[in-house]
Amino acid sequence: MLTFFDPFTQHGYLSGVCGSKNGKCEGGRETEAKKRKQRKVIMADKSPLKEIPSTREILKEAIKEVEIDIERPSLTARKLEKKCYEIYRKYEERVREKWKDKVPIEELEKSLSQSRVSRAGHTIELILQTLLDCFGIKYERNKKINEEQLDFVIPNVETLKKDPENAIIISVKREVRERWREVVGEAYILRKIVKIPDNIWFVSLFEPSEYAVKTMTKLNIKVYVPDEFHERFKKYGAKRFSEMFEELKKRLKKKN
């Protein structure tokens, strides 16, 4: 038996016995299969992705470079999102450079792409959470009601259950595209099955489609868009992102 060193795992492994005159091992195919399996194990373990700081840590970095201006929350949120993306891509490039010769490039790129998408949504939620904290607005995140996952509940789930008219559900999305339809479905379930009134708000930090905004407002879903896009959507009843925080404060103050 011969021992070979695998550069992907930094460990040795035993090959099959060479019996042919040309020196080619019958165990060669098995060896290649093992290599592929070992590489898949590395990607399954997401070792490369573990070298990228968490979404929360990246946001902390971004906050050091972007001033949080509560007088202009829409602009602040957009700047933070952009800075978080820049910081993330910097770490991503380091990982790509380090791992490009250690794992299959297609697997690496697939993992990075999937991570980028999932982190993008989480980043938007954390940015909104940061602004809610700055305004002193009480909330609970990622809570379930009747198996429906809610991004934010203002002020809390207890109020939503006992006094739903004095609670607000906020659904936040990075890019709208088709995902606004999820909010419509969620609103329908919550209204018809859980009997929650029309207090569902939709928030995005990017420009939504006119059809999405028009449809949601017709279904009594309050829509908040970035201030810079408000002029285009106000005819449908959409509101400025910056207005949302003052309205939340007024509602909570009225309740108390």
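The legends below describe close-up views of a predicted model. Local features need pLDDT of at least 70 and side-chain atom pairs count only at pLDDT 80 or more, whereas totals for chains, interfaces and linings use all residues. Residues are numbered from 1 along each chain as its sequence is written, and side-chain values use heavy atoms, with hydrogens and water left out.

**View A. The open sheet has 6 strands in the order 3-4-5-6-7-8, with mixed pairing.** Strands (E, at least two residues) and helices (H or I, at least four) are DSSP runs numbered from the N terminus, and two strands pair if DSSP finds at least two bridges between them. Strand 3 (140–145) and strand 8 (239–240) are the edge strands, each pairing on one side only.

**View B. Arg119 lies in helix 4.** Arg119 is buried (under 20% relative accessible area; exposed means over 50%, partly exposed in between; 1.4 Å probe, protein chains only), yet it has no salt bridge, the nearest side chain of opposite charge being that of Glu57, 7.0 Å away. Here Lys and Arg count as positive and Asp and Glu as negative, while His and the chain ends are not counted; a salt bridge is a side-chain nitrogen of Lys or Arg within 4 Å of a carboxyl oxygen of Asp or Glu.

**View C. Glu228 forms a salt bridge with Arg78, with the closest N and O atoms 3.0 Å apart.** The pair links distant parts of the chain, 150 residues apart, with Glu228 in the loop between strand 7 and helix 8 (230–233) and Arg78 in helix 3 (residues 73–99). Glu228 counts as exposed because its relative accessibility is 53%.
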